[in-house]
Amino acid sequence: MTVGDVDRERAKPGLTDTPERVEPAPGDTPERMAMFTDAIFAIAMTLLVIEIKRPEGDALKSSASLWRFLTHEWESFFAFFLAFALLWTVWRRHHVLMDQVDRLDRAFTAWHAPLLLFVALLPFPTALLGHAIDNPLALCVFAGSEAALLFSEAALKEVAHRSRSILSPGADMAEVRRGASSSWAVAGFFAVTAALPWAVPAIPFAWLLAPAAATYGGRLIDRFRRDAGPVAA
């Protein structure tokens with residue numbers, strides 16, 4: 001048998017090493033969605049810094065006066081770094097998820113709308129937090145906005161896990177499920193803390209424990225949750 005004969009045999013249906021990839025329909029390609037999402041995250045993360053007050057006049061006359069200005073504005077810096085870290089982690093998790101998505105479906109696309117809405121909104125509650133960290137309503141608005149963002153992220157991952165046809169053949173389904181569980185856990189953490197500022201004024205510092213809530217709460221949810229089967233795409 002010649003080399004040409006071997007190639008022709010391999011080209012016959014059912015004899016190829018890998019199945020032929022079905023191209024997504026127009027509008028269902030994940031690349032544009034990933035790029036658009038990246039842009040919204042980048043803009044929101046940049047806008048966070050705008051609300052930090054700049055030193056002017058007497059605040060710049062000496063090192064002591066500048067130091068007093070910086071320490072006086074600690075709330076704004078705290079709010080900035082907190083919100084930036086939260087957005088960074090959500091973006092990073094979304095990046096990992098999109099690398100496993102082969103095509104979009106209607107539900108997966110639709111859940112990007114509330115996710116990006118709350119991403120774009122986050123600079124506003126961050127400004128409230130930075131300028132009124134001792135105001136319980138400001139803390140409630142920030143925690144509620146962050147909880148809504150994270151619930152949207154969790155729902156997005158849940159859609160990806162249940163509608164498995166949108167994922168690439170090599171996607172780790174267990175990892176996608178664990179990611180959804182972690183997002184549900186940290187979303188619940190912020191939802192609970194949104195009701196606490198009137199009783200616990202120092203609740204913003206508890207938000208620094210969000211990574212632990214995602215890790216350990218996610219493991220607990222993943223252990224006890226009912227693993228739903230795939231739904232029709």
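**Entry 1: α4 and α7.** I looked up how helix α4 (residues 74–98) meets helix α7 (residues 123–131) in this predicted model: their axes come within 7 Å and cross at roughly 150°. The axes are lines fitted to C-alpha atoms over the stretch in contact, with angles from 0 to 180 degrees between N-to-C directions; helices are DSSP runs (H or I, at least four residues) numbered from the N terminus. I noted the crossing as right-handed, meaning that the near helix is turned clockwise from the far one by less than a right angle. On α4 the contact (heavy atoms within 4.5 Å) is made by Glu 75, Ser 76, Ala 79, Phe 80, Leu 82 and Ala 83, and on α7 by Thr 126, Leu 129, Gly 130 and His 131.

**Entry 2: basis of the values.** I recorded that local features need pLDDT of at least 70 and side-chain atom pairs pLDDT 80 or more, whereas totals for chains, interfaces and linings use all residues. Residues are numbered from 1 along each chain, and side-chain values use heavy atoms, without hydrogens and water.

**Entry 3: Asp 222.** I located Asp 222 in helix α11. Asp 222 is buried, at a relative accessible area of 17% (buried means under 20%, with a 1.4 Å probe and protein chains only). I found side-chain polar contacts from Asp 222 to Arg 177 at 2.8 Å and to Ser 181 at 3.4 Å. A polar contact is a pair of N or O atoms within 3.5 Å, one able to donate a hydrogen and the other to accept it. Beyond four places in sequence, Asp 222 touches Arg 177, Arg 178 and Ser 181.

Definitions and conventions
Helices (H or I, at least four residues) and strands (E, at least two) are DSSP runs, numbered from the N terminus. Buried means under 20% relative accessible area, exposed over 50%, partly exposed in between (1.4 Å probe, protein chains only).
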